[in-house]
Every structure is written in C-alpha cells, then in structure tokens.
Amino acid sequence: MNLLIKNVYLDGVETDIYVEGKYIKQIGKDLVVTADRVIDGTKKAVVPGFVNAHTHAAMTLFRGYGDDMPLMPWLEQKIWPNEAKMNREDVYWGAKLACLEMIKSGTTSFFDMYHKFRATADAVEEMGIRAVVSGVCFDHFEPEQAEKCKAHNLKLYSDMDVYGDRIKYAIGPHAIYTVSGELLRWIDQFSAERNVLIHLHLAETEEEVTNSVKQFGLTPVRYLYKLGILSPRLVIAHGIYVDKDEIRMLADHGVKVVHNPASNMKLASGIHFQFKEMKEAGIAVGLGTDGCSSSNNLDMIEAMKLASLLGKAWRKDPEALTAAEMLDAATEQGASILGIKAGRVKERYLADLNLIDLRIPAFTPNFNFVSNLVYAANGSCVDTVICNGKVLMENKKVPGEDEIMEQTARIAYNLMSR
Ligand SMILES: CSC[C@H]1O[C@@H](n2cnc3c(O)ncnc32)[C@H](O)[C@@H]1O
Ligand SMILES: [Zn+2]
C-alpha cells in the first residue's frame with residue numbers, strides 16, 4: 001500500500017510526502033508518483049507521531065477513580081485491590097480504549113507496563129498502533145514470586161513471534177520497593193542476553209528515597225549502580241529525586257529517563273524534574289503521561305505543555321524547556337528510547353505521522369506553529385494519523401470508536417462493582 005500526502009506543511013513549507021509500505025520514501029514539491037491512496041494535506045501541517053514513553057494503557061478503566069491521593073495510599077488502597085480483580089477481558093478493553101485515545105490525540109507509539117501482557121499486545125495489534133509492551137515483574141522480596149516472574153517473562157519473550165513488527169517486548173520490574181535486588185540482577189542479565197529494554201519506576205517520591213536509604217543504605221540510583229544494573233537498556237520513569245552525581249551516573253551508563261509531568265503533579269510526587277541538567281549531561285529524556293488514574297488522559301500535547309510550564313515555573317526561567325525541546329522529547333527522543341526508527345518526518349524513517357488541522361483557533365494566527373502546537377492546542381487538533389504507513393484516523397474519526405467506548409465503559413463499571 002502506497003500513500004501520497006499532497007500539499008502539506010512541513011516546517012512551514014508546502015510539500016508532498018510519498019509513503020511506500022511502512023516507510024517515508026520521498027519528500028518534495030509536486031511529486032510524480034503513483035499511489036494507492038492520496039490524502040489532501042491542504043491547510044494541515046505534518047509532525048511525527050508522538051511517543052508516549054511511559055504509560056499503563058489499561059488504566060483507562062480507572063479514569064476518575066482514586067483522585068486526589070498521594071502515590072502509596074493511592075496504589076495500596078485504590079489501585080492494587082482493583083487490579084487484583086482484573087481479568088484478561090478487562091485489560092484488553094482498557095488497552096483498546098487507551099489505543100483509541102492515543103490515536104485520536106496523535107500518539108503512534110507507546111511504552112507500556114501492565115499486567116496481562118497478551119491482552120495489551122492484542123489490543124495494540126488490532127488498533128494498528130505501535131508499542132513496546134513490558135512483561136511485568138514483581139516479587140515483593142519473596143523468592144517464590146521471583147521464580148514465577150522469571151518463568152513468566154521467559155515464556156513471554158519466547159512467544160513474541162506471534163506478533164508483527166509493531167509490537168516489541170521489554171521487561172518491566174515495577175519499582176525498587178516491589179522487586180528484590182536479586183531479581184533486578186537477573187532481569188539485567190536476561191535483558192542483556194536478549195537486548196531488550198528494562199522499564200522501571202524510579203526516584204518518584206521523597207518517601208521512596210527515604211525508604212531506599214533505610215532499606216539498602218543508598219539512594220535509588222546509587223542502589224542500582226551498586227547492583228550493577230545501570231545500562232543503556234534501562235529506562236526509568238519519573239527520576240525526580242536524583243542529585244548531580246546521580247545524573248552523571250545515569251549519563252555515563254546510557255540510562256534513559258521519562259518525565260511524567262501530569263502524574264508527578266497530580267499525585268504530588270514532586271515538581272523538580274531536572275530536564276535541563278539531564279539534557280546537558282547527554283541523557284535521552286522522553287515524555288510520558290503515566291496511567292489514566294494519575295494523569296487523567298493520554299494526551300501528549302497536554303504533556304508537552306505541562307512539562308514546559310512546570311519546568312519554567314520551578315526554575316523561575318521562562319527560557320527553560322522551550323516548545324521545540326518539548327516536541328523533540330515527545331517525538332525523536334521517545335522513538336530513540338524505544339529503539340524505533342521513527343520520530344522524524346524524513347526519508348527512510350517509519351511513516352508514523354500526524355496531520356494537524358490548522359483551521360482551528362489554536363493555530364490562528366500561526367506566527368509560530370510549534371508554539372501553537374505545544375502552548376495553545378491539545379490532542380483534538382490532530383486530524384489524520386498514520387502508523388507504519390497505514391491510515392488509522394482520517395477527519396478525526398477512527399473506525400469503530402463508538403463501540404470501543406461503549407464496551408469499555410461497561411467493562412469498567414462491571415470491574416468496579418465486582
Ligand atoms: C507492574 S504493572 C504496573 C503497575 O504500576 C502501577 N503504577 C501506576 N502508576 C504508577 C506510578 O506512578 N508509580 C508506581 N506505580 C505505578 C500500576 O497501577 C500497576 O500496578
Ligand atoms: Zn507509571
């Protein structure tokens with residue numbers, strides 16, 4: 001299937017984009033090519049599909065549930081008791097709704113961590129989006145649980161050939177307060193042998209740091225350093241509580257970091273994410289929404305704005321965290337963290353693209369498109385979404401969206417009343 005996007009704005013210049021199979025083949029004015037499908041890009045701008053580099057897709061089921069609580073009471077009193085009741089169908093529909101919401105707001109790839117790997121992977125496969133799905137790992141410091149987690153992930157990894165090339169596997173140890181050091185070491189070795197990513201919550205709250213010092217005698221990053229598991233395969237979500245030396249340790253070992261501004265603010269985990277210092281140290285920093293109970297949507301345009309305004313505010317520096325830096329974090333950086341050749345509108349890159357509707361107030365006047373996208377717009381400005389060369393949304397409509405919302409609402413009420 002070949003696609004031709006005609007007369008679309010790319011960096012302020014009108015052009016055509018020819019997509020052959022899953023790749024961007026050619027970009028230029030008035031291309032003479034034969035295409036199976038032509039998309040009119042008039043009064044639209046093209047940007048790379050956004051990369052949500054940390055989320056828990058099926059937590060859409062908990063949107064509006066467990067509001068206004070801090071992390072640990074929220075997890076222990078509200079979320080974990082309900083997750084313990086979840087079956088495959090719940091996770092599948094929760095993830096379907098998440099994929100729908102992501103497509104509708106321009107996200108074409110995400111990094112997920114949740115229970116029932118296959119239910120999420122099936123939803124991703126059907127919805128046409130791209131994801132790195134993490135096989136969950138918790139042992140709560142019990143050796144029996146650790147053995148179960150190892151067996152579970154060995155099986156998940158060996159069964160990956162049932163999925164197409166849009167779905168990749170990663171291993172997801174939840175956090176240092178739920179996963180033992182022995183299991184973290186095993187996970188690191190497992191990931192090195194298979195070259196898969198490790199997806200871990202780290203340094204999210206002051207309480208986590210205090211407990212880490214009490215339990216391990218070290219702050220979270222130093223603890224991982226001592227375990228010997230800092231590596232370019234490690235992606236940490238949050239990373240708010242890190243000092244200068246820890247930023248250097250992360251950079252020296254090629255660790256990647258994902259900033260989740262909405263969740264960090266809503267759970268009141270902390271605001272001082274050190275974007276500037278991490279970038280200066282050479283760390284790849286992506287952006288994520290986290291799950292829908294702590295964010296409470298999956299809109300990456302909103303995440304860019306929140307990250308920027310929050311960073312400017314605590315630093316008292318309006319020049320910090322610019323719109324262009326946020327767009328880079330939400331596209332190219334995210335794609336590099338996930339190890340996919342996307343995140344740029346460039347020949348030979350994957351055709352994961354958004355067409356933005358310029359005929360809305362947020363883009364009027366349009367002195368500066370990137371400023372309008374990050375500071376004025378939200379996910380509803382996305383008109384057309386292409387992932388892996390396939391059109392997933394056109395004219396703001398995704399086929400089957402009403403049924404997904406109806407089914408998922410029914411599933412969510414059923415789960416909560418069980
Ligand atoms: C291992 S499955 C993922 C697990 O993580 C929980 N979760 C969601 N948001 C957060 C967060 O901000 N910090 C720590 N844990 C979080 C989710 O509910 C699942 O249990
Ligand atoms: Zn999370």
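Residues are numbered from 1 along each chain as its sequence is written. In this predicted model, local features need pLDDT of at least 70, side-chain atom pairs count only at pLDDT 80 or more, and totals for chains, interfaces and linings use all residues.

An unreviewed UniProt entry places the feature "binding site" at His54, His56, His201 and Asp290; such annotations may be inferred rather than shown by experiment. These residues span 237 residues in sequence, yet no two of their C-alpha atoms are more than 11.7 Å apart, so they gather at one spot.

His54 sits in strand β6 (residues 50-55); strands are DSSP runs (E, at least two residues), and helices are runs of H or I of at least four. His54 is buried, with 28 other C-beta atoms within 10 Å (buried requires 20 or more, with C-beta atoms placed from the backbone). Beyond four places in sequence, its contacts include Phe111, Asn260 and Asp290 (C-beta atoms within 7 Å). His56 lies in the loop between β6 and α1 (71-83). His56 is also buried, with 30 C-beta neighbours inside 10 Å. Among its contacts outside four places in sequence are Asp112 and Gly291.

Helix α2 (residues 88-104) packs against helix α3 (residues 117-127) at about 40°, with axes 8 Å apart. Axes are lines fitted to C-alpha atoms over the stretch in contact, and angles run from 0 to 180 degrees between N-to-C directions.

Key. Chains are lettered from A and ligands numbered from 1 in the order in which they are written. A residue is buried if 20 or more other C-beta atoms lie within 10 Å of its own, exposed if 12 or fewer, and partly exposed in between; C-beta atoms are placed from the backbone. Two residues are in contact if their C-beta atoms, placed from the backbone, lie within 7 Å.
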